[in-house]
Amino acid sequence: MGKDYLRWSKVPYAGEMNPPTDPVTPLAGSWPLAFLKRDEGGNFADPKGRRLRLPITHPNRIDFDRELLIVKDTLKNLTPKQKKIGIYYGTGAPTKQWTPVIDRLIDTYGVAPTEAARILASVHDAINDTLIVVWELKYGWDVARPNQYDPTMKTLICTPRFPTYPSGHAAISGCAQVVLNYFFPREAKKLQKIANDDANSRLYAGVHFPIDNSEGLRLGRSIGNVIVNQLKSERNSDSEYIDHPYRDNLNADILPDNYKQYIPYDFPESCTSPIIKREKRNNTRNHIKPLLFL
C-alpha cells in the first residue's frame, strides 16, 4: 500500500483544540438495507445475495497532501457561481435537493399515483442503501477532513462532523442519477449535471477532497446500477414487467433556478470551525445559513 493518512478521530478541526468527540450516526453502516443485503461474512451483497465488489480506491493509495493543495487552490479562486453551488448543495441533508427533482419529474410526466410511490420509494431506498455503504466506509477508514490537514483553513460552509472519505453527497447523487435515468431516460443529461454539480459542490465548499467526490460518484453509480437491475427484473401477478420507463422527452424543469432553495428553511447558525464570511441576504429563498450536512 502507499502513504498513510491522518485519522478523522485523532486530529482537531481548524479552530478547535481537541479531536472530534461528536460523531454523527457512527453505527449507520450497520442499519437495515432496502435493496442490498449482507452475506454470511457481513459483506455487502446485491439483492440476490452475491457479494458486491465496491469500486472504490483504498485511502492508503491516495495522496491527501496533494489533494489538499487542490482544495486550497479552489477555495482561493472560487467564482461567484461556484460559491452558489457550494452553498446550495451544502444546505440541509443531500436529499433536500434531490427530492424536489423527483417530484418535478413525476409532475411533468403525469406519473400515476402508484407509479409515483414506486419511483419515490425506489430512489430513496437506493439512497438509504448507498449511505449505509458510505457510512461503513467512512468510519471504517476514518479519513480526516481538509480542515484537519490544515488548521488555518477557512471553509465556505461548516465542515460536517464525520469522516471525509467517500463523500455522501457525491455517492447518493451518483446513485439517484442512475435510478432516475432508468425511469426517465430522456432526462439523463440534466440528471448527470445535477449529480456532477452536487459532487463538485463539496470541493467548492472546502469540506471534501476532490477524490472524495469522484470516488463517491463512482461508488454511487455502481450501486445505482445494481438496484436498477433489480427493478428491471420485477414483475406483477401476470408476470408482466412492472416498470415502463418514460421514453418521451418532456424537458422537465429540474435544474435549480439560480441555485435558490426549492424549500427554504432557516437553519440555526452554528459552526465551531472557521468559515469564510459571506453576505447575508434578506430574501428568504436566498437566505442560507451555515449548519450543513454530509
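Leaving aside its neighbours within four places in sequence, which residues is Asp243 in contact with? They are Arg118, Tyr182, Phe183 and Leu231, where contact means heavy atoms within 4.5 Å.

The structure is a predicted model, in which local features need a pLDDT of at least 70 and side-chain atom pairs count only at pLDDT 80 or more, while totals for chains, interfaces and linings use all residues. Residues are numbered from 1 along each chain as its sequence is written, and side-chain values use heavy atoms, with hydrogens and water left out. The pLDDT is the predictor's confidence in each residue, from 0 to 100. Here the protein averages 93, and 94% of the residues score at least 70. Over residues 281–294, though, the pLDDT is below 50, and this stretch has 48 contacts in the model beyond near neighbours in sequence. Where pLDDT is low, the predicted coordinates should not be read in detail.

Now back to the opening residue. Asp243 sits in the segment after helix H8 (210–233). Helices in this text are DSSP runs of H or I with at least four residues, strands are runs of E with at least two, and both are numbered from the N terminus. With a relative accessible area of 12%, Asp243 is buried; the word buried stands for under 20% relative accessible area, exposed for over 50%, and partly exposed for what lies in between (1.4 Å probe, protein chains only). Two of the partners of Asp243 meet its side chain through polar contacts: the side chain of Arg118 at 2.6 Å and the side chain of Tyr182 at 2.8 Å. A polar contact is a pair of N or O atoms within 3.5 Å; within protein, one must be able to donate a hydrogen and the other to accept it, and residues adjacent in sequence count only if both atoms are side-chain atoms. Asp243 and Tyr182 are 61 residues apart in sequence, yet their C-alpha atoms are 9.3 Å apart in space.

Next, look at the inside of the protein. A nonpolar core is a set of buried Ala, Val, Leu, Ile, Met, Phe, Trp, Tyr and Cys residues joined through side-chain atoms within 4.5 Å. The largest one has 79 residues, and Trp98, Leu105, Val179, Leu180 and Phe184 touch the most other members. Two or more residues each come from helix H1 (64–76), helix H2 (80–89), helix H3 (95–108), helix H4 (113–141), helix H6 (168–183), helix H7 (188–205) and H8. H4 gives the largest share, twelve residues.

Leu105 and Ile106 bring us to H3, where both are among the buried residues, together with Lys96, Gln97, Trp98, Pro100, Val101 and Ile102. The cover over these buried residues includes H2, H4, H6 and H7. H3 has 14 residues and should span 20 Å at 1.5 Å a residue, which agrees with the 20 Å between its end C-alpha atoms; the expected span is 1.5 Å times one less than the number of residues. After H3 comes Gly110, with a positive phi near 60°.

In helix H2 you will find Gln82. The side chain of Gln82 reaches the backbone nitrogen of Thr79 at 3.0 Å.

How many disulfides does a search of the whole structure find? There is one, joining Cys158 to Cys271 with an S to S distance of 2.3 Å. The pair links distant parts of the chain, 113 residues apart: Cys158 is in the loop between H5 and H6, and Cys271 in the segment after H8. A disulfide is counted here when a pair of cysteine sulfur atoms lies within 2.5 Å. Cys158 is buried at 5% relative accessibility, whereas Cys271 is partly exposed at 31%.

Tyr165 and Pro166 are joined by a cis peptide bond, with omega about -5°, and Pro166 is in the loop between helix H5 (146–149) and H6. Ser239 is not a glycine but has a positive phi of about 65°, and at 49% relative accessibility Ser239 is partly exposed. Asn258, also not a glycine, has a positive phi of about 55°.
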